[in-house]
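Hello,

Here is the structure I promised to pass on. Please open it first, then read my notes below.

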Amino acid sequence: MFTGPPIERRRWLQQSLAGLGLGFTLPALDARSADRRGPTRPTSLITLFLAGGPSQLETWDPHPGHRIGGETTAIETRLKGLKIASDYPQTAEIINELSVIRSLVSREGDHQRGVYLVKTGYRPDRTLTHPSLGAILAKERWDKTIEIPQHVSLGGGPRPARGGFLGAQYDAYKIYNPGQELRNITARIKDARQDRRLEGLRVVSQTFSRGRLAATRGTQHQLMVDRALAMMNSDQLKAFQIDDESRSTIDLYGDSRFGRGCLVARKLVEAGVRAIEVTLPGWDTHTNNFEGHREQAATLDPALFALITDLKQYDLLDSTIVLVLGEFGRTPTVNPLDGRDHWPQGFSCLVGGGGLAAGRLLGATDPTGKRRKPDQPVEIADLFATVISRMGVEFGKEVITPIGRPMAYCEGTPIPGLL
Amino acid sequence: MEGCHAAGDSTPQAASLFYSHRCQNGQTSLRQPDRLASSPPTLENVGMKLLRRVIPLLLVVVGLLALVQAIAGRPTGDISTPRRLADRFEAKQTAERLDAWFQDRWTREQITPAAPAHEATVLRRLSLALHGTVPSLEELRQFEADAKKRRLERWTQRLLDDSRFATYFSERLGRALVGAEEGPFLAFRRDRFHAWLSEQLAANRPWDRIVTRLVTAQGLPTGEPATNFITIAQVDEEIDEQVLAGRTIRAFLGQRIDCAQCHDHFFDPRWKQAHFEGLAAFYAPVRFSPLGVDDNLAVQFEVTDHESGTSRVVEPRVPFGSEWLPSEGTPRRRLAQWLTDRRNLRFDRAIVNRVWGQMFGRPFSSPVNDLPDPGDPATAALDLLSEDFRSHNRELKWLIHAIAASRPFRLDSRPHVPHDSQTLELPLEELRRHEEAWAVFPVLRLRPEQVIGAMLQTASIKTIDRHSHLFTRARRFFSEQSFVQDYGDLGDEELSEQTGTIPQALLRMNGQLARELIKPGAFGATTAIARATQGNDRLCLGTCFEVCLGRQPSDDEQEVMGQWLADTRGRRRELAVEDIFWTLFNSPEFSWNH
């Protein structure tokens, strides 16, 4: 009862057919978008998510010499006039490739709600779950030649990006330990047996869907099985491995979970994966803020530097948007435990690549900390609108949620200074 | 056609083969520590060198055995519940009232409900909802053999009496009460908490009494596990009264007012910041020291204004129903009395909605912690059930009986299709309308612990319960933990609806546990079935289907998979059965409730 060529043979067959000039159903290898370089390549997004709320004052918006500045000092960067915290000497060397926004505002000061906002562009809503930015891009810019997940979350961390009302199939594919062996990816039985199992599965699924067709389709059970099978047999899985990378490259990123995650992110972009988030947790410094942020910087600084340098070297930066942000910033005032608390007004992020303007500085916070509102406040939704439209998707596009409610992907407007 | 369910006559040989004696093997292993403990006198004769080597080893063995027993044996107490026949029939009356309400709604909305589901399918739903696993072949056979009237009612009672109910259901309810966060210390305390809660459920303690104990508990987290409702809210050495206020309202009243923590609720004018602060003030005196949880009544709730930096004292205050708030007593006791007051309709609605969600996989009103006000026409069924729940002493077992006996719970998952329809399928929009009116049983993804529970159960044939060997129970415990993590644990959001994902498909297809469970071997179901049905392929396939899906194969299935078994013997036959199990494990029918 074998209905098709065994899975393992499929690739061989496809390639032979391509060799005979019959591979019209498949894009020729050199035409694959993943192999293109420069600005014409479809854009990908890498979000370095700093979970816990990084302090703007200890990263991209230091105010040394002011009461609110604490013990953090600042250094010059490749951008004339721009100073960042001195814990980021390597970032200072590449920051001209990105832009700095110092005036992000959010109205969510709770981790769970804050993460929701900066991952979806919407405030939590009790009636529906919005899709994360990566899920929107994976859905709208789906690449049929990619057999591995097109939305990936690396390094664990709380609340990985979700597909929300677009469906769990757009949930980020989670890899807790990037660069290590992928789990559950090999069938470990002979092709003939795998084939007959799949044939059996087709028949059993058919029985179940009879009279429940709409409900069974809604489950997407078969779709996920098919995608899993395609993934199991894909060469593209190599993008998840780093064993072919030199020791010096791995060291450049930093041999941490986050560093390896950034390296894998670059490789996934190279393979054509649409959206990747790499999470670095540990920024919630209610106590010992300065020491905590120094430790975090030791991980973030080399990884960010290596990522930007590498993307440039591979000619991928023009087609890769890099976004570095957390769910909120931290208070200008230092609390009695030498910590800073949650601060959703006037926090910072880095964004660039993918054809966005580079080297811009947007917004400013009050160095005295008296004025809560920053100059030129930027809403998360505006940042999202910028990224979404730069990736060739209509940011205000309305989609109908499963309960029939029309909902725009994003309610912001693109930031003119970045496009 | 879906295969017929009963088919009792086709498999009696298999039945006799797979009926098992309930052996008490566990006790043999358990006695081991005693034997070891009684050995010291003879040790005098042994050289000191040997002694030094043996004692640490023994300690490790004893420790491990104790650990395995502690894990596998939860709940520790074997509480037997008197069967309350009268209650069951009263629950039936409530179910009838409920059915009338649904019938009325269906007529109004011009919906014809689905046909009744097979009773074996309803048993599968019950078993998944109450034990987190599918019925074993052993149980299915007993169910088929039960020819007396009202067998579903009796089996509901039987499932409720089984200690697996208390253990499983306490885990589910516990999600709302203490969350599912990780951490070794919390995990230990959470375990104690679940053991306590499961004892309450086994004893059918009224829900208001359980809640009162949670809110007012004092003492050490080990001695009085209910205090862990409080200790779980510990943030930086202090008990965070705001965390407790939010959780209290979500878990016990089904309302979400957390947004009002910092400001008046933007979208829901019912909740003000003052409401939240007033509720948090009830928990302000709570402290957690090495002596345990108690109240320092001298402490008042002080709030610092972010804008002005000034502080003010907030008195305990409730957002509504202040006339039910007693004036006497400690703040926590007053809060508990207000929460559980019989006039506080939200209290009963919240638990009724949550239990409904556990039974169907989808709460009556979603999300589970954001209910409309009592009396809202959309949730009139909740009011109706709540009213009877109150008059039945707020016993959860009674509530489960009532829901299990209701018509929506017993409908087929295939919707009714009008006769004049072009196809035999209902279009998606229509299906959604039927689902919303509970006129068809919803096809919903099983939660991870149900998928793994079902896999473990089917791979063993015999019922895995407290009579099972310690090793079996321990394996179930550990396998479940890691599988649930990989499958994607939704934590306290587990009552939200989801589609399947690639990682889940990969885990079912290639995961180590699934592979090991169906691998031919001395103790597995695959080998047992392959050997026992040698020479009867139809019986072999039928048994596999019954074990995994609780039904017989359809003609198509028989034709395709029957061939795998043709002319096989020994190892080849075992591998064919393994392939059948793999296929059934990966089918939507296995991992979706229907």
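At what angle do helix α24 (residues 525–532) of chain B and helix α27 (residues 570–585) of chain B pack, and how far apart are their axes? The angle is about 125°, and the axes are 9 Å apart. Axes here are lines fitted to C-alpha atoms, for helices over the stretch in contact, and angles run from 0 to 180 degrees between N-to-C directions. That makes α24(B) oblique to α27(B). The scale is this: under 35 degrees is roughly parallel, over 145 roughly antiparallel, 65 to 115 roughly perpendicular, and the rest oblique.

A word on the source. This is a predicted model: local features need pLDDT of at least 70, side-chain atom pairs count only at pLDDT 80 or more, and totals for chains, interfaces and linings use all residues. Residues are numbered from 1 along each chain as its sequence is written, while chains are lettered from A and ligands numbered from 1 in the order in which they are written. Helices (H or I, at least four residues) and strands (E, at least two) are DSSP runs, numbered from the N terminus.

**Between the chains**

46 residues of chain B are in contact with 42 residues of chain A. Contact means C-beta atoms, placed from the backbone, within 7 Å. On the side of chain B that touches chain A, α22(B) gives the largest share, eight residues. That side divides into 21 nonpolar, 13 polar and twelve charged residues. Ala, Val, Leu, Ile, Met, Phe, Trp, Tyr, Cys and Pro count as nonpolar, Asp, Glu, Lys and Arg as charged, and the others, Gly among them, as polar.

**The core**

The largest nonpolar core has 247 residues. Such a core is a set of buried Ala, Val, Leu, Ile, Met, Phe, Trp, Tyr and Cys residues joined through C-beta atoms within 7 Å. Ala228(A), Ala265(A), Ile276(A), Cys544(B) and Leu584(B) touch the most other members. Not counting residues up to four places away in sequence, Ala228(A) touches Ile502(B), Ala505(B), Leu506(B) and Met509(B).

**One loop residue**

Thr73(A) is in the loop between β1 (44–50) and β2 (74–76) of chain A. Buried takes 20 or more other C-beta atoms within 10 Å, exposed 12 or fewer, and partly exposed lies in between. Leaving aside neighbours within four places in sequence, Thr73(A) is in contact with Pro64(A) and Ser86(A).

Best wishes

How values were computed: Two residues are in contact if their C-beta atoms, placed from the backbone, lie within 7 Å.
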